[in-house]
Amino acid sequence: MKAELVLMGKRVDMAARTRRRALVVLIYSTLVVLMAALFVADHWRTTGYYLVFATFLVNRLFLGGYNFGGLIKPFNGKPPQRTEAPPFLLLAMHVYPQEPVSSEYRSDEREMQMRDRAHYQAYQALAVALAVLWLLSSWNVFRPHLLAWIPASPALLIYGLVLATIVVTLTLPQAILLWTEPDMEELSE
Amino acid sequence: MNENSQREPGESGLYNRIAVLRAERGISRQQLAEAMDVNYQTIGFLERGDYSPSLKLALSLADYFGLPVEAIFSKEPFKPLSQQVYGAGRARLALHTESDLEESA
């Protein structure tokens, strides 16, 4: 995990756990508000995709893990594949130079252990989410009267839950790591 | 300095002498981390006993300090080095000096 976040060229110290927890709360609050706003806009008909794109952006800027950038090192431990020659970009071709894996991207054995533990914890939450989705889908198809009390369409409710589950899948392991890792020590110690 | 050679075993349930050995040799956490090819935070976790190292890392630490693994890690609290080296009878004075040294480190 990195001790600081670089935003718009400014370095933000994130070594303290309280700051990282505040960031996690802020990110999920923003995503919930965004999801609600997109529902109001067009019931996620087209804007549902925007929520997923926003989640990728959150990973890129703040969380990392499944993206380069952000506080958590890439989960696969590999550096970004740099394209050295700009003209190849226009042709959508990429040149992947052979570079050694730098320590900036590679996690050590403790970090790998924490990564795996965070995924285990996230898996449990996602299993519960999938069980709820299965139950709602089952009722929607076979016992629609059980969902009659819902003001919106049950299908829309299930779609919203799927959307939320995707957001959580993409962010929860990183959020768990940011939440649980203790304050980072000074390098000079 | 964080060390757990005689106090709490930490989350790993292991006692270790890494902090003492590092102080003795005047090595910073960063230097040790670079030598072991791990993050410097991991050295802190090891010293506090909050992380149980892999066998490979434990052996690398033993190689680095030129000591057997059991001189660095233990399931039981370590006796002070002076007591181990000089024996219980002669160690009273040395024990006092060493505990002072460890506290000051």
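Predicted model: local features only at pLDDT ≥ 70, side-chain atom pairs only at ≥ 80, totals over all residues.
Local features are limited to residues with pLDDT of at least 70 and side-chain atom pairs to pLDDT 80 or more, whereas totals for chains, interfaces and linings use all residues. Residues are numbered from 1 along each chain as its sequence is written, and chains are lettered from A, with ligands numbered from 1, in the order in which they are written.

Chain A contains five helices and two strands, arranged along the sequence as β-β-α-α-α-α-α. Helices here are DSSP runs of H or I with at least four residues, strands are runs of E with at least two, and both are numbered from the N terminus. Of the 189 residues of chain A, 19% are buried. A residue is termed buried if 20 or more other C-beta atoms lie within 10 Å of its own, exposed if 12 or fewer do, and partly exposed in between, with C-beta atoms placed from the backbone. Contacts are assigned where the C-beta atoms of two residues, placed from the backbone, lie within 7 Å. Among the contacts in chain A with a separation of 6 or more, 54% are between residues 24 or more positions apart.

The two strands of chain A, β1(A) and β2(A) (residues 10-13), run antiparallel and are joined by four bridges; pairing requires that DSSP finds at least two bridges between two strands. A:V6 has A:R11 in β2(A) as its bridge partner. Two residues lie between the strands of this hairpin, in which A:M8 takes a positive phi near 50 degrees. Phi of A:H43, a residue other than glycine, is near 55 degrees, and 15 other C-beta atoms within 10 Å make A:H43 partly exposed. A:W44 is found in the loop between α1 and α2 of chain A and has a positive phi of about 65 degrees, although it is not a glycine. With 19 C-beta neighbours inside 10 Å, A:W44 counts as partly exposed.

Helix α2 of chain A (residues 48-63) has 16 residues and reaches 21 Å from its first C-alpha to its last, close to the 22 Å expected at 1.5 Å a residue; the expected span is 1.5 Å times one less than the number of residues. Its buried residues are A:L51, A:T55, A:V58, A:N59, A:F62 and A:L63. Seen down the axis of α2(A), these residues fall within an arc of 110 degrees and so line one face of the helix, the arc being that of the directions from the helix axis to the C-beta atoms. They pack against β1 (4-7), α1 (17-42) and α5 (154-180) of chain A. The exposed residues A:Y49, A:F53 and A:L57 are carried on the face of α2(A) turned away from its buried side. A:G64, with a positive phi near 80 degrees, follows α2(A).

The contact between the chains takes eight residues from chain A and twelve residues from chain B. On the side of chain B that touches chain A, the elements giving two or more residues are α2 (29-36) and α3 (40-48) of chain B. The largest share of that side, five residues, comes from α3(B). By class, the side of chain B that touches chain A has five nonpolar, six polar and one charged residues; Ala, Val, Leu, Ile, Met, Phe, Trp, Tyr, Cys and Pro count as nonpolar, Asp, Glu, Lys and Arg as charged, and the others, Gly among them, as polar.

Nine of the nine residues of α3(B) are buried, so this helix is largely enclosed by the rest of the structure. The cover over its buried residues includes α4 (109-142) of chain A together with β1, α1 and α2 of chain B. B:G49, with a positive phi near 75 degrees, follows α3(B).

The largest nonpolar core has 18 residues, and those with the most contacts inside it are B:I18, B:A33, B:M36, B:I43, B:L46 and B:I72. Such a core is a set of buried Ala, Val, Leu, Ile, Met, Phe, Trp, Tyr and Cys residues joined through C-beta atoms within 7 Å. At least two residues of this core are supplied by each of α1 (18-25), α2 and α3 of chain B. A second, separate core of 14 residues includes A:I27, A:L71, A:L172 and A:A175. Beyond its neighbours within four places in sequence, B:I72 is in contact with residues including B:I18, B:L21, B:L61 and B:F65. B:I72 and B:Y15 are 57 residues apart in sequence and 8.2 Å apart in space, C-alpha to C-alpha. B:Y15 is found in strand β1 (residues 15-16) of chain B and counts as buried, with 21 C-beta neighbours inside 10 Å.
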